[in-house]
Amino acid sequence: MNSQINSVAVDQDGYAYVTGPVNILEYPASSGAITNYAGDNTDLGIFKINPTGSAYSFITIIGGSNTDCLYDCAVDYDDNGNVYAAAATNSNDFPITSNAY
């Protein structure tokens, strides 16, 4: 599986938030980043890239035991620096917050 870009959002400081399906073997998560994946190699990758495009601020990988985020992924952010991502999943155990639907 080659990784691909499905969605990009750029904040007021020029940081790019990029999401798409990634192979966890190609992109290890950043130290201290939120990660939660349960086995399949194709999961939702969320990248924050600095304004010059020369470095990642973070890489986060989230997924369940089956393929996630193969085609439908989106990313956005808010003024408080929170990042929001949405993705299609084939996993019954995709990590979600309580009361999500």
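Student: Where does Ala86 lie?
Tutor: Ala86 is in strand S7, residues 83-89. Strands here are DSSP runs of E of at least two residues, and helices are runs of H or I of at least four, numbered from the N terminus.

Student: Before I go on, what kind of model is this?
Tutor: It is a predicted model, where local features need pLDDT of at least 70, side-chain atom pairs count only at pLDDT 80 or more, and totals for chains, interfaces and linings use all residues. Residues are numbered from 1 along each chain as its sequence is written, and side-chain values use heavy atoms, with hydrogens and water left out.

Student: OK, back to Ala86. Buried, partly exposed or exposed?
Tutor: Partly exposed, at a relative accessible area of 43%. The cut-offs are under 20% for buried and over 50% for exposed, with partly exposed in between (1.4 Å probe, protein chains only).

Student: Which residues does Ala86 contact, leaving aside neighbours within four places in sequence?
Tutor: Asp72, Cys73 and Ala74. Contact means heavy atoms within 4.5 Å.

Student: Which residues make up the largest nonpolar core?
Tutor: Cys73 is in it, with Ala9, Tyr17, Leu44, Ile46, Ile62, Cys69, Val75 and Phe94, nine residues in total. A nonpolar core is a set of buried Ala, Val, Leu, Ile, Met, Phe, Trp, Tyr and Cys residues joined through side-chain atoms within 4.5 Å.

Student: Which elements give two or more residues to that core?
Tutor: Strand S4 (42-49) and strand S6 (68-77). S6 gives the most, with three residues. Apart from this core lies another, of seven residues, including Ala16, Val18, Phe47 and Ile49.

Student: Switching to aromatics. How many aromatic pairs are there in the whole structure?
Tutor: Two. Rings of Phe, Tyr and Trp (its six-membered ring) pair if their centres lie within 6.5 Å; planes under 30 degrees apart count as stacked, over 60 as edge-to-face and the rest as tilted.

Student: Why is the Tyr17 and Tyr77 pair put in its class?
Tutor: The ring centres of Tyr17 and Tyr77 are 5.5 Å apart and the planes are at 25 degrees, so the pair is stacked. Tyr17 is in strand S2 (residues 16-23) and Tyr77 in strand S6, so the pair ties together parts 60 residues apart in sequence. Tyr17 is buried, at 3% relative accessible area. Tyr77 is partly exposed, at 22%.

Student: What about Phe47 and Tyr56?
Tutor: That pair is tilted, with 5.4 Å centre to centre and 40 degrees between the planes. Phe47 is buried at 8% relative accessibility, and Tyr56 is partly exposed at 45%.

Student: Loops next. Where does Asp13 lie?
Tutor: In the loop between S1 and S2. Asp13 counts as exposed, at 52% relative accessibility. Asp13 and Asn50 are 37 residues apart in sequence and 9.1 Å apart in space, C-alpha to C-alpha.

Student: And Ala29?
Tutor: Ala29 is in the loop between S2 and strand S3 (35-36). At 25% relative accessibility, Ala29 is partly exposed. Its C-alpha is 5.0 Å from that of Ile59, 30 residues apart along the chain.

Student: Which residues make the nonpolar surface patch?
Tutor: Ile5, Val8 and Val10, over about 290 Å². Patches take residues with over 30% relative accessible area and no salt bridge, joining like charges within 9 Å and nonpolar side chains (Val, Leu, Ile, Met, Phe, Trp, Tyr) within 5 Å. A salt bridge is a side-chain nitrogen of Lys or Arg within 4 Å of a carboxyl oxygen of Asp or Glu. Areas come from the Shrake-Rupley method with a 1.4 Å probe; for residues, only the protein chains shown count as cover. Val10 belongs to strand S1 (residues 7-10) and is partly exposed at 47%.

Student: Last one. How many helices and strands in the protein?
Tutor: Zero helices and seven strands. Buried residues make up 33% of the 101 residues.
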